[in-house]
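Subject: Structure handover

Hi,

Here is the structure I promised to pass on to you. Have a look at it first, and then read on for my notes.

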Amino acid sequence: MWKKIIQKFKTYKLSNLNFRLIIYVIAITCIGILTIGSAAKGENYQMKQIVGFIISIIVMVLFALLSYRFLFKFYWIIYIVTNILLFLVFMIGSTIKGATRWIDLGFTQFQPSELAKIFLIIFFATYLYKRKDRISSFKTLGGIVCFAAVPFYLIFKEPDLSTTIVIFMTFCAIIFLSGVNGKIVGTVLVIAIPVILVFGYFVLQPDSGILETYQYNRIVGFYQKDNEAAKKIRYQQENSLLAIGSGGLTGKGLDNNTITSVKNGNFLSEAHTDFIFTIVGEEMGFIGGAAVIILLFLIVLECFITGAHALDLMGRLFCYGFGVLITIQSFINISVATNLLPNTGLPLPFVSYGLTSLVSLYCGIGIVLNIGLQRRNLL
């Protein structure tokens, strides 16, 4: 086995290694580390993130060298492990602010749903690849929907509605990009859109019982100005918008002591995680905010380009799925910080504090790099 692995290493061409992607990812992570240090003064979050960054680099290198074709052979094991980890949350998980999403490892909090994002993309991509000749059949599509429903339900019940939505949208994108018959896609859309609208109407009823109280208040508080409970949640987003606007072109500077700073006035909770973009906007200004958005765009673009050159449908779907995941999560996080969407509690990829999130994302980057090392020439 080791001889095969070594022989595989020899087939890699260093010229195919995507150094641009590596530079973009490291650059945005460094911005995140600097911002976390400013957002959480007096805490050890920055040092933990630095340790997480070092671990993430090692993980990225390992996955970049390990053939994705070998790794994806174990997609059923990956799927089972994902569900076991998500189930363990209900058995031994830690409850923080009403949500049970973490497993206490002593030195840090492990969040299985973050790792599940990457593992499920591997499973979806491989499942569809193995059935590429009958990808539009009812058995294939019905099967993947049933298998996807299990982790979706477990994540939703933590409760973690925002992560469920992100993974579901990524799942839909992978299905669409897999080459499913257009008639099936059109039929599903015609049926799904009215069903979703009707379901959404009932979900947003005060006594529906589907959403947790805080989830309901977050959503309706975005448009109900007379909802007192929701006003407190919306107040944080209004402060976020004020902070970003006050940053101007160049910002107030990292670790500043300005008395007019929204951050220094403690008007933001979870500034180092959910509202990290607010700190970037206030302390690095428009230039810093634009830099983060551009770097995220370039990372996604490199994922899509790598997918276009992938050797097979399996590699292509992973790259596309991973790129879509980063796009959706980034869009939602920044939209929340700028008061364009209801508060969701999603981290900003590579920037927000969170060791599980950072290591999982670097795992995905490593796989994309490996797919790029085995690329095909389209010219």
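Phe350 sits in the loop between α13 and α14. Please keep in mind that this is a predicted model. Although Phe350 is not a glycine, its phi is positive, at about 70°. With 1% relative accessibility, Phe350 counts as buried. If you set aside its neighbours within four places in sequence, the contacts of Phe350 are Val25, Ile28, Thr29, Gly32, Leu296, Ile299, Ile326, Leu358, Leu361, Tyr362 and Ile365.

That brings me to the core. The largest nonpolar core has 99 residues, and Phe318, Phe322 and Phe350 are the ones that touch the most other members. Helix α13 gives this core its largest share, 14 residues. As a general background, nonpolar side chains in soluble globular proteins tend to be buried together.

The loop between α13 and α14 has another residue for your list, Asn339. Its phi is near 65°, again a positive value in a residue other than glycine. Phe350, in contrast, counts as buried because its relative accessibility is 1%.

Now for the chain as a whole. The secondary structure comes to 14 helices and 3 strands. Of the 379 residues in the chain, 51% are buried. Among the contacts with a separation of 6 or more, 73% are between residues 24 or more positions apart.

One helix I went through in some detail is α3, which covers residues 45–65. This helix has 21 residues, and the distance from its first C-alpha to its last is 30 Å, close to the 30 Å expected at 1.5 Å a residue. Which residues of α3 are buried? They are Gln49, Gly52, Phe53, Ser56, Val59, Met60 and Ala64. These residues lie on the same side of α3, because they cover an arc of only 135° around the axis.

The strands are quickly described. They form an open sheet of 3 strands in the order β1-β2-β3, with antiparallel pairing. At the edges are β1 (94–96) and β3 (109–110), each of which pairs on one side only. Between β1 and β2 there are 3 bridges in the antiparallel sense, and Ser94 stands opposite Trp102 in β2. Strand β2 (residues 99–104) is joined to β3 by 2 bridges, also antiparallel. Here Ile103 stands opposite Phe110 in β3. How much of β2 is covered? Most of this strand is, with 5 of its 6 residues buried. In the hairpin of β2 and β3 there are 4 residues between the strands, and Gly106 has a positive phi near 95°.

The peptide bond that joins Glu158 and Pro159 is cis, with omega about 0°. Helix α7 also holds Phe156, which counts as partly exposed because its relative accessibility is 22%. In sequence, Phe156 and Leu211 are 55 residues apart, while their C-alpha atoms are 9.7 Å apart in space.

Last, the cysteines. How many disulfides are there? With a cut-off of 2.5 Å between cysteine sulfur atoms, the count comes to 0 disulfides. For two of the cysteines I also have the accessibility: Cys146 is exposed, with a relative accessible area of 53%, and Cys172 is partly exposed at 35%.

Happy to go through any of this with you.

Best wishes

Methods: Residues are numbered from 1 along each chain as its sequence is written. This is a predicted model: local features need pLDDT of at least 70, side-chain atom pairs count only at pLDDT 80 or more; totals for chains, interfaces and linings use all residues. Side-chain values use heavy atoms; hydrogens and water are left out. Buried means under 20% relative accessible area, exposed over 50%, partly exposed in between (1.4 Å probe, protein chains only). The expected span of a helix is 1.5 Å times one less than its number of residues. The arc is that of the directions from the helix axis to the C-beta atoms. A nonpolar core is a set of buried Ala, Val, Leu, Ile, Met, Phe, Trp, Tyr and Cys residues joined through side-chain atoms within 4.5 Å. Contact means heavy atoms within 4.5 Å. Two strands pair if DSSP finds at least two bridges between them.
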